[in-house]
Number of protein chains: 2
Amino acid sequence: MDPLRRCVIQLSRLPGIGERTATRLAFWLLRAPDDLVCELADAMMELKKGIVECEICCNMVSGSPCTLCSDSNRRNGMVCVVEQPQDIVNIEKGGVFKGRYHVLHGAISPLDGVGPADLRVEQLLKRLEPESLEEVILATDPDVEGDTTALYLARLLRPLGVRVTRLAHGIPVGTEIEYADQASLARAIEHRREI
Amino acid sequence: MDPLRRCVIQLSRLPGIGERTATRLAFWLLRAPDDLVCELADAMMELKKGIVECEICCNMVSGSPCTLCSDSNRRNGMVCVVEQPQDIVNIEKGGVFKGRYHVLHGAISPLDGVGPADLRVEQLLKRLEPESLEEVILATDPDVEGDTTALYLARLLRPLGVRVTRLAHGIPVGTEIEYADQASLARAIEHRREI
């Protein structure tokens, strides 16, 4: 097959990349310096070889156990459960949460055939046992699948007698009530707090 | 450097790919099957090694001279000059033009420091000599740089005594006069034809 055609086809497999963008990228790669393209190809191969799941928190990391699990400055006893590694990236940006994490690698979704067995639930229970637990924060996405997963985990964790919390849902900071979406408004009214 | 971070940085170098998209792509590659990522990396490397400039038309091809130059069914004597290889892809889609091509690899743009010496002009003159020329179509883009390049080439080709034409500019087929942009309208009035 023509190397250009092959490259366009391969690039089109990437999410959000259609044939037009793939063609533009292929021609750009063609004109780019050889070492730039080599570096990109090499970085992609190294990614597959060099990243593993942390044996404790299941995050995708370069060494197991990961730095977030090994860091003695972080607060033991508080575990924040998320759906994807990218969620940790975003939460860490804020610098508010100082505890440990656990990555489920998805959420319960019957429509997509994803059940608890497909997620890192067993690993979650396993890592919670030895910990002197104060609180488990269920930070799955505020959507149907995320809520379902949180409910499931809350029930599962009840025997542990630990405090189980969920991130607050409602009106995002900086928006106006006039333009708030209906789902968030409904949730905000339902979960209103005492002042 | 963390392989994930390295991959995000490398992907961010691609045109139109910011850090957020690069992160999304990197995580997608992480979860993708190994052979998919290997194929993509390999396709990119093969692209750099397997694609060369056609010695006649300067198109980016897998073998020189390219199929468009070698094809005896195509019409000699008519050469369509374009700015980029992608332009040939699009013109060929229509199946209207049956002659030969020449790729300049850019257009004259003093603001960007691109002059005739940076384009495949010499190669154009060289390949035009032995051909029994009927017509040279200047199909550079209908913008300032493309027009400048066309004007320059028209003057350069005058001594050859060959017919030099430019693609028609005007109102695109399928649009409405009411919504036509001003530049195209002005050009359409200027270049109006006898019915």
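**Entry 1: salt bridges across the interface**

I started with the salt bridges between chain A and chain B, and the rule finds eight across their interface. I counted a salt bridge where a side-chain nitrogen of Lys or Arg is within 4 Å of a carboxyl oxygen of Asp or Glu. The model is predicted, so I noted the limits: local features need pLDDT of at least 70, side-chain atom pairs count only at pLDDT 80 or more, and totals for chains, interfaces and linings use all residues. Residues are numbered from 1 along each chain as its sequence is written, chains are lettered from A and ligands numbered from 1 in the order in which they are written, and side-chain values use heavy atoms, with hydrogens and water left out.

I looked up Glu39(A) next. Glu39(A) forms a salt bridge with Arg13(B), and their closest N and O atoms are 3.5 Å apart. Glu39(A) lies in helix 3 (residues 34–50) of chain A and Arg13(B) in the loop between helix 1 (3–12) and helix 2 (19–31) of chain B, so this pair joins two chains. I took helices (H or I, at least four residues) and strands (E, at least two) as DSSP runs, numbered from the N terminus.

Are these two residues buried or exposed? Glu39(A) is partly exposed, at 33% relative accessible area. Arg13(B) is also partly exposed, at 37%. The cut-offs I used are under 20% relative accessible area for buried, over 50% for exposed, and partly exposed in between (1.4 Å probe, protein chains only).

I then checked Glu39(B) and Arg13(A), whose side chains meet in a salt bridge of 3.5 Å, N to O. I also found a network of salt bridges that links Arg6(A), Asp42(B) and Glu46(B).

**Entry 2: the rest of the interface**

I counted contacts (heavy atoms within 4.5 Å). On chain A, 42 residues are in contact with 43 residues of chain B. The area buried between chain A and chain B is about 4,500 Å², and carbon and sulfur atoms give 70% of it. Buried area here is the accessible area (1.4 Å probe) that two parts lose on being put together, summed over both.

I looked up polar contacts too, and found 20 residue pairs between chain A and chain B, both residues at pLDDT 80 or more. A polar contact is a pair of N or O atoms within 3.5 Å; within protein, one must be able to donate a hydrogen and the other to accept it, and residues adjacent in sequence count only if both atoms are side-chain atoms.

Which elements of chain A give two or more residues to the side that touches chain B? They are helix 1, helix 2, helix 3 and helix 5 (85–94) of chain A. Helix 3 of chain A gives the largest share, 15 residues.

**Entry 3: how the copies relate**

I laid chain A on chain B. The same surface serves both copies, since 100% of the contact residues of chain A recur in chain B.

**Entry 4: salt bridges within a chain**

Arg5(A) and Glu19(A) form one, with the closest N and O atoms 3.8 Å apart. Arg5(A) lies in helix 1 (residues 3–11) and Glu19(A) in helix 2 (residues 19–31) of chain A, so the pair ties together parts 14 residues apart in sequence.

In chain B I looked up Asp147(B) and Arg187(B), which meet in a salt bridge of 3.1 Å, N to O. Asp147(B) lies in helix 7 (residues 144–157) and Arg187(B) in helix 8 (residues 182–190) of chain B, so the pair ties together parts 40 residues apart in sequence.

**Entry 5: backbone details**

I found a cis peptide bond from Ser64(A) to Pro65(A), with omega near -5°. Pro65(A) sits in the loop between strand 2 (60–61) and helix 4 (67–70) of chain A.

Cys58(A) is not a glycine, yet has a positive phi of about 70°. Cys58(A) is buried, at 2% relative accessibility.
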